[in-house]
Amino acid sequence: MSKYQELRMNKPKLTIKEGAREVIFTVVSCMCDNVHYFTFKKNDSGDFKLHCGGFAYSNFSIKHPKHDIEWEADANEWGGVIAMINSGTSVVSEVKSR
């Protein structure tokens, strides 16, 4: 069984530091279990901006616009962010925050 399938069936318990200024999600793709990183960083205005590690956001086939995910992160609704990311062709495997 692939790592992607394991994560789809058994979602990991993820915790994010309260008041984090940077959050990095490790995501595993359905294509050969490739690993990518989604980084949320706060800008000068205090809003989170999503960076997809050099790949186009559309490559991940997420069913929500990028700004919806950023707004969910701004509201500290990380469960919603994870659900939105998992709606595409990759799933979250782990998270780091600071």
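Lysine 41 is partly exposed, with 39% of its relative accessible area; here buried means under 20% relative accessible area, exposed over 50%, and partly exposed in between, computed with a 1.4 Å probe on protein chains only. Before I continue, please note that this is a predicted model, in which local features need pLDDT of at least 70 and side-chain atom pairs count only at pLDDT 80 or more, while totals for chains, interfaces and linings use all residues. Residues are numbered from 1 along each chain as its sequence is written, and side-chain values use heavy atoms, with hydrogens and water left out.

I begin with the charged pairs. The structure holds three salt bridges, a salt bridge being a side-chain nitrogen of Lys or Arg within 4 Å of a carboxyl oxygen of Asp or Glu. In general terms, side chains of opposite charge can pair when their charged atoms come close. What does lysine 41 meet in a salt bridge? Its partner is glutamate 22, at 3.9 Å from N to O. Lysine 41 belongs to strand E2 and glutamate 22 to strand E1, so this pair ties together parts that are 19 residues apart in sequence. Helices (H or I, at least four residues) and strands (E, at least two) are DSSP runs, numbered from the N terminus.

Glutamate 22 is buried, at a relative accessible area of 11%. Its side chain also meets that of arginine 98 in a salt bridge, with 2.7 Å from N to O. Because glutamate 22 lies in strand E1 and arginine 98 in the segment after strand E4 (90–97), this pair ties together parts that are 76 residues apart in sequence. Arginine 98 counts as partly exposed, at 46% relative accessibility.

The remaining pair to present is lysine 49 with glutamate 70, whose closest N and O atoms are 3.9 Å apart. Here strand E3 supplies lysine 49 and helix H2 supplies glutamate 70, so the bridge ties together parts that are 21 residues apart in sequence. As for shared partners, Glu22, Lys41 and Arg98 are joined by their salt bridges into one network.

I turn next to helix H2. This helix covers residues 66–74, and Ile69, Glu70 and Ala73 are buried in it. Viewed down the axis of H2, these buried residues fall within an arc of 100°, so they line one face of the helix; the arc is that of the directions from the helix axis to the C-beta atoms. What covers the buried residues of H2? The cover includes E2, strand E3 (48–51) and helix H3 (78–86). After H2 comes asparagine 76, with a positive phi near 55°.

Strand E2, which spans residues 35–42, also holds threonine 39. This threonine counts as buried, at 14% relative accessibility. Leaving aside residues up to four places away in sequence, threonine 39 touches Glu22, Val23, Ile24, Lys49, Leu50 and His51, where contact means heavy atoms within 4.5 Å.

Cysteine 32 has a positive phi of about 65° although it is not a glycine. It is found in the loop between strand E1 (22–29) and E2, and at 68% relative accessibility it counts as exposed. Serine 61, also a residue other than glycine, has a positive phi near 50°. Serine 61 sits in the loop between E3 and H2 and is partly exposed, with a relative accessible area of 41%.

Finally, the cysteines. How many disulfides does the structure hold? The number is zero, a disulfide being a pair of cysteine sulfur atoms within 2.5 Å. The sulfur of cysteine 30 has its closest cysteine sulfur in cysteine 32, at 9.1 Å, which is too far for a bond. Cysteine 52 is likewise in no disulfide, and the nearest cysteine sulfur, that of cysteine 30, is 16 Å away. In terms of accessibility, cysteine 30 counts as partly exposed at 38%, whereas cysteine 52 counts as buried at 6%.
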